[in-house]
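Open the structure in your viewer and keep the selection tool ready. The tour goes stop by stop.

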Amino acid sequence: MSEQDLTLIEAYVKGNMTADEKAAFEARLKSDPELSSALSDRQKMEAYLTHRTSVAFTLDDLRHLNQQNFPEDRKKSPLIPVRTIISIAASILFVLAAYFLYNTYTSPSSPEELYQAFAEPIPLDLTTRGENACADDQLIMDLYTAGKYSEVLPLLQNCTEAKPDNSLLKMARGYCQMELGDTEAAGKTFEEILEEESLLKDEAAWNLALTYVRAGELERAKEVLEEYSIIRDGIDRPRSKKQSREEKLLKDLQKLIDRK
Amino acid sequence: MTANTVMPVPHQDHHYYIEEGFRKGNRHRIQEIYDRFLGQLKGWMKNNQGTIKDAEDVFQYSMMVLTISAGKEGFCLNCPLGAFLFVIWKHHWRDRLRGRLKLQELQFTILAQYEQDIHLAEPLAERAHSEAICFQLLDKTFLELSATCRQLLELDKQSKPVEEIAQTLNMSNRNTVYRRKFACIERWRSLIHREPDFDHCKNMTQ
């Protein structure tokens, strides 16, 4: 669903359309089943949110009341002999210990280690468009490829100021900032790309998540991955390489969060 | 409104439980529902092939349906609450037994005190029962969203200014708020579509 259509749906659901806009939107709904289905889903969500935010007694309150009225500690007579229970428990403990040891040695044990396992430089080729992005294109590419991020960053900064529409340069700038540990600046750079109509949005989201990993904000990293992955890959498309790497990072992130 | 439209007349339980209990949040009134009706259900279940544990599960389900219905603006309880609950119990218990028993065995006794109100309670409870399936699905998937998404959608629903939302959620500007909101909605939508019960929701009007 395009951002433009999402904006229209929001305006319709919230009643922020003029009579003409509303009529035009309703006419389009008749011939656009995808838009119509998205609107119907959004209306259901809105009804749910109305309930959640305006009713004094919500489902969350009900869950609490149920817990009070039906405590989980009902005593049940064991149907399995105690010895069998002990053997099963011992086996489970053994498997858990093996799993823990396996995880300890096969997955990153700190945010920095996780970051290092996933961060990859964004390929920077400024020569394919047939026009110079900046005066010192070649120098920028050489320094960047050689991993001399502190040297190339000021050049990239100048260049992105001169060419504010070039997302690739911004991506490279963000990557340098992230590698140099300036997570705040890197986060802003990637957010900036996400706000543009850029083909590099996917990469910006991925690197924004990695920036949060490096900053130790694991929950936020997880949120960014979850929120962008679905939009990018669509609901029904086959799994891509990008999805696999996201799933792997999400899994490792969860392990780190659980260990905290 | 046309001359033929008949507005349902609220039963006295509507004011006592729905208005005062659910809509104004008087938890004592809601606790009273447990105290008054759970025993009835346990007795009925014993006579209809259920256990105490089954009764507790069915009761929790009926409370969920009631909570959802009470939150809907147009909901009007036009029969005693007990009759409404009884119809929900009956439907839910029948659904749960359906896989286990033959159709002819699914004949339930009716609690005598509700017999004369069943005709009023049936349509109301049937509608509430199917709406609850959809609502439950929305609730489950909403809770699967990230904490930021949940907070963002709730603040937006409360019509908080975008600047305030950005500040509360530590987002850089208005654009980020809009972008994240759309991302959250799309993610929620994808979660809803993955649910096997989603078909129940398709034709549901809100």
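In which helix of chain B does B:Phe86 lie? Select helix α4, residues 81-97 of chain B, and you will find B:Phe86 there. Bear in mind that this is a predicted model.

**Stop 1: around B:Phe86**

Is B:Phe86 buried or exposed? B:Phe86 is buried, because its relative accessible area is 0%, and the cut-off for buried is under 20%. Now show its surroundings. Beyond its neighbours within four places in sequence, B:Phe86 contacts B:Trp44, B:Thr109, B:Ile110, B:Leu111, B:Tyr114 and B:Ile118. Pick B:Ile110 from that list. B:Ile110 is 24 residues from B:Phe86 in sequence, and their C-alpha atoms are 8.5 Å apart.

**Stop 2: colour by confidence**

Colour chain B by pLDDT. The chain averages 87, and 91% of its residues score at least 70. Helix α1 (residues 12-23) of chain B has the highest confidence, at 94. Helix α9 (residues 198-202) of chain B has the lowest, at a mean of 77. For the complex, the predictor gives an ipTM of 0.78 and a pTM of 0.61.

**Stop 3: a nonpolar patch on chain A**

Switch to a surface view. Select A:Ile88, A:Ile92, A:Leu93 and A:Leu96. Together they make a nonpolar surface patch of about 390 Å². A:Leu96 sits in helix α5 (residues 82-106) of chain A. Its relative accessibility is 48%, so A:Leu96 counts as partly exposed.

**Stop 4: salt bridges**

A:Glu3 is partly exposed, at 37% relative accessibility.

Next, select A:Arg28 and A:Asp32. Their side chains form a salt bridge of 3.2 Å, N to O. A:Arg28 is partly exposed, at 31%.

**Stop 5: across the chains**

Select A:Asp41 and B:Arg189. Their side chains meet in a salt bridge at 2.7 Å, N to O. A:Asp41 lies in helix α3 (residues 33-54) of chain A and B:Arg189 in helix α8 (residues 174-194) of chain B, so the bridge joins two chains. A:Asp41 is buried, with a relative accessible area of 4%. B:Arg189 is buried too, at 11%.

Finish with a network. Select A:Glu10, A:Lys14, A:Arg42, A:Glu46, B:Asp156, B:Lys157 and B:Lys181: salt bridges with shared partners join them into one network.

Note on methods:
Residues numbered from 1 in each chain as written. Chains lettered and ligands numbered in written order. Predicted model: local features only at pLDDT ≥ 70, side-chain atom pairs only at ≥ 80, totals over all residues. Heavy atoms only, no water. Helix = DSSP H or I, 4+ residues; strand = E, 2+ residues; numbered from the N terminus. Buried < 20%, exposed > 50% of the residue type's maximum accessible area, 1.4 Å probe, protein only. Contact = heavy atoms within 4.5 Å. pLDDT = per-residue confidence, 0-100. Patch = residues over 30% accessible without salt bridge, like charges linked within 9 Å, V, L, I, M, F, W, Y side chains within 5 Å. Areas by Shrake-Rupley, 256 points an atom, 1.4 Å probe, with all protein chains shown as cover. Salt bridge = Lys/Arg side-chain N within 4 Å of Asp/Glu carboxyl O.
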